[in-house]
Amino acid sequence: MLYQPWPWYVAGPLIAICMALLILMGKRFGMSSNLETFCSIGGAGKFTDYFKVDIKSKRWNLLVVLGSVIGGFLGAHWLSPNPAVDISPKTVSKLQELGFDSAGKAYLPTELFSLESLSDPKVWIILLVAGILVGFGTRYAGGCTSGHAISGLSNLQRPSLIAVIGFFIGGLIMVHLLFPLIFSA
C-alpha cells in the first residue's frame with residue numbers, strides 16, 4: 001500500500017481531516033509563510049518591519065516543513081520502488097522534443113536540476129528568473145499554491161479562489177505557450 005500512490009478517496013479525506021483540525025485550532029497552513037519565518041529567525045526584522053513577527057506563534061508550521069523534508073526523503077529513497085515518473089507517452093514525447101531526455105525517467109529534469117547542468121548559463125538564468133517570479137508572485141498573491149488551494153479554499157475565502165484560478169491559468173499559459181518558447185531556442 002505504501003509503494004503505490006494513494007487514491008483520491010483516501011488522500012482527500014486525510015487532507016480534509018488535517019484542515020479541519022487546523023481550522024479548529026485557529027491555524028492557517030501554507031509553505032510560503034515558513035520562508036517569512038525563516039527570514040525573521042535570520043534577523044531580517046532588523047532591516048524591514050515586515051519581518052518583525054512573533055516567531056513562537058509560527059513554530060508549529062516549521063514542523064510542517066521538517067515533516068515535508070523527511071517525508072519526501074523517505075518517499076523518494078525507500079517508498080518508491082520505481083524512480084520513473086508515470087506520465088503519458090504523449091507528454092514524454094513532447095518533452096523529449098524540447099530536449100528533456102530525462103522525461104518519464106526522473107522526477108526532476110536532470111537537464112535543469114543536476115550538477116552538470118549548472119555549467120550552462122541558460123540554466124542559471126532560467127532558475128534565477130523562475131525563483132524571482134515565484135517569490136514575487138507568492139508575496140503578491142498573499143500566499144502560495146498550497147496555502148490558497150488547501151487552506152484558503154477550506155476556509156471558503158474568495159481571494160484564495162481567485163488566486164487558485166490565476167494559478168491554473170498561469171500554469172496553462174506557461175506550459176502551452178512559454179515553455180516551448182524558452183526551451184525550443
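**Figure 1. Asparagine 34 has its place in helix α2.** The model shown is predicted: local features need pLDDT of at least 70, side-chain atom pairs count only at pLDDT 80 or more, and totals for chains, interfaces and linings use all residues. Residues are numbered from 1 along each chain as its sequence is written, and side-chain values use heavy atoms, with hydrogens and water left out. Helices (H or I, at least four residues) and strands (E, at least two) are DSSP runs, numbered from the N terminus. Asparagine 34 counts as buried because its relative accessibility is 1%. Buried means under 20% relative accessible area, exposed over 50%, and partly exposed in between (1.4 Å probe, protein chains only). Leaving aside residues up to four places away in sequence, asparagine 34 touches Asn61, Leu62 and Val65. Contact here means heavy atoms within 4.5 Å.

**Figure 2. Helix α3 covers residues 59-77.** It has 19 residues. From its first C-alpha to its last, α3 reaches 27 Å, close to the 27 Å expected at 1.5 Å a residue. The expected span is 1.5 Å times one less than the number of residues in the helix. The buried residues of α3 are Asn61, Leu62, Val65 and Gly75. These lie on the same side of α3 because they cover an arc of only 160° around the axis. That arc is taken from the directions from the helix axis to the C-beta atoms. An α-helix has 3.6 residues a turn, so residues three or four places apart point the same way. What covers the buried residues of α3 includes α2 (32-41). The face turned away from the buried side carries the exposed residues Arg59, Leu63 and His77.

**Figure 3. Leucine 35 also belongs to helix α2.** This leucine is exposed, because its relative accessible area is 55%.

**Figure 4. Glutamine 4 lies in the segment before α1 (8-24).** Its relative accessibility is 54%, so glutamine 4 counts as exposed. Asparagine 61 is 57 residues from glutamine 4 in sequence. Their C-alpha atoms are 27 Å apart in space.

**Figure 5. Glycine 26 follows α1.** The phi of glycine 26 is positive, near 75°. As for α1 itself, its 17 residues should span 24 Å at 1.5 Å a residue. The end C-alpha atoms of α1 are 24 Å apart, which agrees.

**Figure 6. Aspartate 120 is found in the loop between α4 (89-97) and α5 (121-141).** With 34% relative accessibility, aspartate 120 counts as partly exposed. Phenylalanine 38 is 82 residues away from aspartate 120 in sequence. The two are 30 Å apart in space, C-alpha to C-alpha.

**Figure 7. Leucine 156 has a positive phi although it is not a glycine.** The angle is about 55°. Most residues other than glycine have a negative phi. Leucine 156 has its place in the loop between α6 (145-154) and α7 (158-184). It is exposed, with a relative accessible area of 78%.

**Figure 8. Serine 160 lies in helix α7.** Its relative accessibility is 1%, so serine 160 counts as buried. Serine 160 touches His148, Gly152 and Leu153, with residues up to four places away in sequence not counted.

**Figure 9. The setting for these views is a protein with 7 helices and 0 strands.** From the N terminus on, its elements run α-α-α-α-α-α-α. The C-alpha trace spans about 50 × 45 × 35 Å along its principal axes. Of the 185 residues, 20% are buried. Among contacts between residues at least 6 apart in sequence, 48% join residues at least 24 apart. The accessible surface comes to about 13500 Å², and 72% of it belongs to carbon and sulfur atoms. Such areas come from the Shrake-Rupley method with a 1.4 Å probe; for residues, only the protein chains shown count as cover. The protein has 13 positive and 9 negative side chains. Lys and Arg count as positive and Asp and Glu as negative, while His and the chain ends are not counted. The centres of the two sets lie 14 Å apart. Each charge is placed at NZ of Lys, CZ of Arg, CG of Asp or CD of Glu.
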